[in-house]
Amino acid sequence: MSNIFDLPAVSPKELFDTILDRQDVEWMKIERIASYGLPSPDSGWYVQDWEEWVLIVRGSAQIEFGDGRISELAEGDNLLIGRNIKHKVPFTTEDCVWLAVHFKSKII
């Protein structure tokens with residue numbers, strides 16, 4: 001996990017950082033998600049046949065993984081969730097806004 005707002009104290013010029021670079025993308029979808037304090041549905045876990053990069057634009061949230069790990073995400077935090085990784089969102093703040101990039105590799 002990293003935070004989009006973590007910058008060097010001083011930079012004499014523009015700074016370009018690659019966040020995600022994939023040349024093998026078969027398809028991609030970018031979503032804005034407003035959670036309004038709602039957790040994942042009670043029906044269970046997400047297990048997606050693609051990768052998902054998420055960024056918390058506003059608010060905060062938790063992502064719980066099938067192995068019991070919980071990632072606490074605040075504004076600017078971003079995380080790559082791998083393909084077929086069991087996860088759910090047990091908590092979001094009322095003002096939580098995400099940017100989610102879903103993508104599937106050409107080679108599986």
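**Exercise 1. A charge and a ring**

Over the ring of which residue does the charged end of Lys88 sit?

*Solution.* The structure is a predicted model. In this model, the charged end of Lys88 sits over the ring of Trp45. The distance from the centre of that ring is 4.4 Å. A further case involves Arg69, which lies over the face of Phe65 at 4.3 Å from the ring centre.

**Exercise 2. Confidence of the model**

Determine where in the protein the confidence is lowest and where it is highest.

*Solution.* Begin with the whole protein: its mean pLDDT is 92, and 99% of its residues reach 70 or more. Next, consider the individual elements. Confidence is lowest in strand S1 (residues 2-3), at a mean of 90. It is highest in S5, at 98.

**Exercise 3. The aromatic pair**

Classify the arrangement of the rings of Trp27 and Trp50, and locate both residues in the chain.

*Solution.* Step 1: the structure holds 1 aromatic pair. Step 2: the ring centres of Trp27 and Trp50 are 5.6 Å apart, and their planes stand at 65 degrees. Step 3: planes over 60 degrees apart count as edge-to-face; the pair of Trp27 and Trp50 is therefore edge-to-face. Step 4: Trp27 belongs to strand S2 (residues 25-34), while Trp50 lies in the loop between S2 and strand S3 (51-58). The two are 23 residues apart, and the pair links distant parts of the chain.

Are Trp27 and Trp50 buried, partly exposed or exposed?

*Solution.* The relative accessible area is 30% for Trp27 and 26% for Trp50.

**Exercise 4. The open sheet**

Explain why one side of S5 and one side of S7 are left without a neighbour in the sheet.

*Solution.* Step 1: 3 strands form an open sheet in the order S5-S4-S7, with antiparallel pairing. Step 2: strand S5 (70-73) and strand S7 (87-92) stand at the edges, and each has a single partner strand, so one side of each lacks a neighbour in the sheet. Step 3: strand S4 (residues 61-65) is joined to S5 by 4 bridges. Within these strands, Ala61 stands opposite Leu73 in S5.

Methods:
Residues numbered from 1 in each chain as written. Predicted model: local features only at pLDDT ≥ 70, side-chain atom pairs only at ≥ 80, totals over all residues. Heavy atoms only, no water. Phe/Tyr/Trp six-rings, centres within 6.5 Å; stacked < 30°, edge-to-face > 60°. Buried < 20%, exposed > 50% of the residue type's maximum accessible area, 1.4 Å probe, protein only. Lys NZ or Arg CZ within 6 Å of the ring centre and 35° of its normal. Pairing = 2+ DSSP bridges. pLDDT = per-residue confidence, 0-100.
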